[in-house]
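Work through these exercises with the sequence and the model side by side. Try each task before you read its solution.

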Amino acid sequence: MTRLSGIVANLETRLSAAASTGPLGTSTTYVAVSAVACVVDFYITLDLTRSGEPAWLAASTGYLLGLWIHWVLSCRFVFARELARTRPGRRRQALLFALSGGVGLGVTVAIYAALTAEHLHPAFAKSASIVVSFVTVYALRRHIVFPVRG
């Protein structure tokens, strides 16, 4: 087993365990899934910024890659019980997930671009955008994209 496959297997085990602990597990697992997506987002954003790409492009690219990773992990580990059982229902959820990600993208890009324009270090600007975007997007996903079934 390669080092990467070992890391993935360990992550899968931990996320599965966290997801099986009920409602608190859902928010805990969401934080873990978000952290994975966030690390990818953060790294790509800062790497592209260091490469001389415009702030809006760096933030958008990092965020969109993180969004895709988040969808895959969220469906499997966070909202598996709330995932639609039909293809049209799942398409609807995917669309709403992407739209909620679009809201997060807008928040992320606006904050990151504004703060880097004020010469705040890119890592701090990205950190601020992550916090605001996280809270906004989690609320949308928990209550609109994957509402708890009654």
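**Exercise 1. Find what share of the chain's residues is buried, then list its elements.**

Solution. This is a predicted model. Start with burial: buried residues make up 35% of the 150 residues in the chain. Next, count the elements. There are five helices and zero strands. Read from the N terminus, their order is α-α-α-α-α. The chain exposes about 8600 Å². Carbon and sulfur atoms supply 70% of that area. Last, take the contacts with a separation of 6 or more: 70% of them join residues 24 or more positions apart.

**Exercise 2. Compare the reach of helix 4 with its expected span, and say which of its residues are buried.**

Solution. Helix 4 covers residues 87–117, which is 31 residues. From first C-alpha to last, the helix reaches 44 Å. At 1.5 Å a residue, 45 Å is expected, so the two values are close. Then look at its buried positions. Among them are Gly89, Gln93, Leu96, Phe97, Ser100 and Gly101. Gly104, Leu105, Thr108, Val109 and Tyr112 are buried as well.

**Exercise 3. Examine what lies at the start of helix 4 and what follows the helix.**

Solution. Go to the start of helix 4. There, a side-chain oxygen of Thr86 comes within 3.1 Å of the backbone nitrogen of Gly89. Now go past the other end. His119 follows helix 4. This residue is not a glycine, yet its phi is positive, about 70 degrees. His119 sits in the loop between helix 4 and helix 5 (122–145). Is His119 buried or exposed? Its relative accessible area is 74%, over the 50% cut-off, so His119 is exposed.

**Exercise 4. Decide whether Lys126 is buried or exposed, and find its contacts.**

Solution. First locate the residue: Lys126 lies in helix 5. Its relative accessibility is 0%. Buried means under 20%, so Lys126 counts as buried. Next, leave aside neighbours within four places in sequence. Lys126 is then in contact with Asp41, Phe42 and Thr45, and also with Thr108 and Tyr112. Those last two, Thr108 and Tyr112, are among the buried residues of helix 4.

**Exercise 5. Count the aromatic pairs, then classify the pair formed by Trp71 and Phe97.**

Solution. The count is eight aromatic pairs. Take Trp71 and Phe97. Their ring centres are 5.0 Å apart, and their planes meet at 65 degrees. Angles over 60 degrees count as edge-to-face, so this pair is edge-to-face. Which parts does the pair tie together? Trp71 lies in helix 3 (residues 55–78) and Phe97 in helix 4, so the pair links parts 26 residues apart in sequence. Phe97 is buried, with a relative accessible area of 2%.

Methods:
Residues numbered from 1 in each chain as written. Predicted model: local features only at pLDDT ≥ 70, side-chain atom pairs only at ≥ 80, totals over all residues. Heavy atoms only, no water. Helix = DSSP H or I, 4+ residues; strand = E, 2+ residues; numbered from the N terminus. Buried < 20%, exposed > 50% of the residue type's maximum accessible area, 1.4 Å probe, protein only. Polar contact = N/O pair within 3.5 Å; in protein donor to acceptor, adjacent residues only side chain to side chain. Contact = heavy atoms within 4.5 Å. Phe/Tyr/Trp six-rings, centres within 6.5 Å; stacked < 30°, edge-to-face > 60°. Areas by Shrake-Rupley, 256 points an atom, 1.4 Å probe, with all protein chains shown as cover.
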